[in-house]
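Open the model in your viewer and keep the selection tool at hand. Each stop below says what to pick and what is there.

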Amino acid sequence: MILAEKIMALRKKRGWSQEELADKLNISRQSVSKWESGTSVPEIDKIIMLSQLFGVSTDYLLKEETEEEAFPETEPVSEESETRIVSMEEAEGFLTMTKRFVFPRAAATALCVLSPIPLLLLGAFAEYGRTSLSEDMAGGIGMAILLILVAVGVAVLVFTGTQLGKYEYMEKEKLTLQYGVKGLAAKKKEAFSWTYNMGVTAGTVLCIVGVVPIMIAAAFSAEDIVLVSCVAVLLGFVAVAVFLFVWVGSIQGSYDKLLQEGDYTKEKKAEAQKLSFFPGAYWCLVVAIFLGLGLSGYEWKTISLIWPVAALLFVVILCILKAVVNNKRKK
């Protein structure tokens with residue numbers, strides 16, 4: 001058989017359409033059609049990708065007399081399994097785009113953490129007569145600022161998320177890395193390891209230190225307005241810590257996605273797919289409860305505390321769901 005016939009035979013053996021094969025190779029369906037009709041020939045990098053994808057040697061693809069044999073450096077791809085080949089160009093594009101958007105994403109997340117501060121301070125100052133605003137006015141202004149800050153943060157996260165959407169498969173599908181990609185990712189990850197460790201350490205220390213003002217104020221029986229101010233300081237420390245966590249975590253995660261390590265092993269990806277429904281459903285429920293309580297007559301500044309509580313519950317429930325999924329998989 002010639003190359004065109006071999007590509008068609010291997011594609012049909014896997015049960016893939018021309019469009020599905022093109023998607024796995026990040027090319028157009030027309031390119032696959034031209035290969036199989038013999039009107040064009042794949043470039044050498046695509047030959048390598050085809051050999052990895054089909055689990056055959058390049059000799060088998062290129063030499064007419066060569067019998068089909070398993071590719072020795074790659075685990076053969078079964079009909080049931082799904083894999084996505086990542087080229088060097090695509091890997092570099094993914095890493096570059098991740099670094100480009102990591103700062104605005106980290107800042108947007110920190111902004112959401114900072115958003116309750118104006119509401120807390122304005123409410124406390126109005127209650128203790130430290131401002132000419134009435135409590136209702138202070139609560140309304142604080143709530144408006146909170147919603148604006150959250151809206152800006154969410155807008156940035158949504159926009160950057162859509163830009164990174166084309167690389168979403170990195171954290172969901174099984175990957176086969178083209179020659180050189182694994183070495184590139186491993187080298188960059190090793191070079192970034194010190195920054196990652198320092199970022200995580202600094203963020204953890206900030207979270208701990210942020211509690212100190214509250215403890216001191218409580219020890220000296222400070223006024224409630226001082227305690228509220230200390231809570232605002234705590235949120236400021238936590239916001240900086242969150243910024244660091246998101247910043248170093250996103251970059252480290254991009255390397256782990258390529259190398260399929262850490263939270264992005266094949267097992268973890270399967271687990272994530274099973275739990276993908278939870279975050280959206282959970283936060284939609286939290287928003288519904290928040291709006292329901294607010295419209296029912298409860299004070300907005302009081303029910304705003306639902307957000308930090310919901311965040312803690314989210315982590316707890318997610319850990320429980322992961323444990324349940326892991327136990328089912330082991331059985």
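**Stop 1: a lysine over a ring**

Select Lys 6 and Tyr 60: the charged end of Lys 6 sits over the Tyr 60 ring, 4.6 Å from its centre. That label requires NZ of Lys or CZ of Arg within 6 Å of the ring centre and within 35 degrees of the ring normal. This is a predicted model, where local features need pLDDT of at least 70, side-chain atom pairs count only at pLDDT 80 or more, and totals for chains, interfaces and linings use all residues. Residues are numbered from 1 along each chain as its sequence is written, and side-chain values use heavy atoms, with hydrogens and water left out.

Stay on Lys 6. A polar atom of its side chain lies 2.3 Å from the backbone oxygen of Tyr 60. Lys 6 is part of helix α1 (residues 3-14); helices are DSSP runs of H or I, at least four residues, and strands are runs of E, at least two, numbered from the N terminus. Buried or exposed, at 1% relative accessibility? Lys 6 counts as buried (under 20% relative accessible area; exposed is over 50%, partly exposed in between; 1.4 Å probe, protein chains only).

Next, pick Lys 24 and Trp 16. The charged end of Lys 24 sits over the Trp 16 ring, 4.8 Å from its centre.

**Stop 2: salt bridges**

The structure holds 4 salt bridges (a side-chain nitrogen of Lys or Arg within 4 Å of a carboxyl oxygen of Asp or Glu). Select Arg 11 and Glu 36: their side chains meet in one, 2.5 Å from N to O. Arg 11 is in helix α1 and Glu 36 in helix α3 (residues 29-37), 25 residues apart. Arg 11 is buried at 8% relative accessibility. Glu 36 is buried too, with a relative accessible area of 8%.

Move to Lys 189 and Glu 261. Their closest N and O atoms are 2.7 Å apart.

**Stop 3: an aromatic pair**

There are 4 aromatic pairs (Phe, Tyr or Trp rings, the six-membered one for Trp, with centres within 6.5 Å; planes under 30 degrees apart are stacked, over 60 edge-to-face, the rest tilted). Select Phe 94 and Tyr 167: a tilted pair, 5.4 Å centre to centre, with 55° between the planes. Both residues, Phe 94 and Tyr 167, are buried.

Key:
A polar contact is a pair of N or O atoms within 3.5 Å; within protein, one must be able to donate a hydrogen and the other to accept it, and residues adjacent in sequence count only if both atoms are side-chain atoms.
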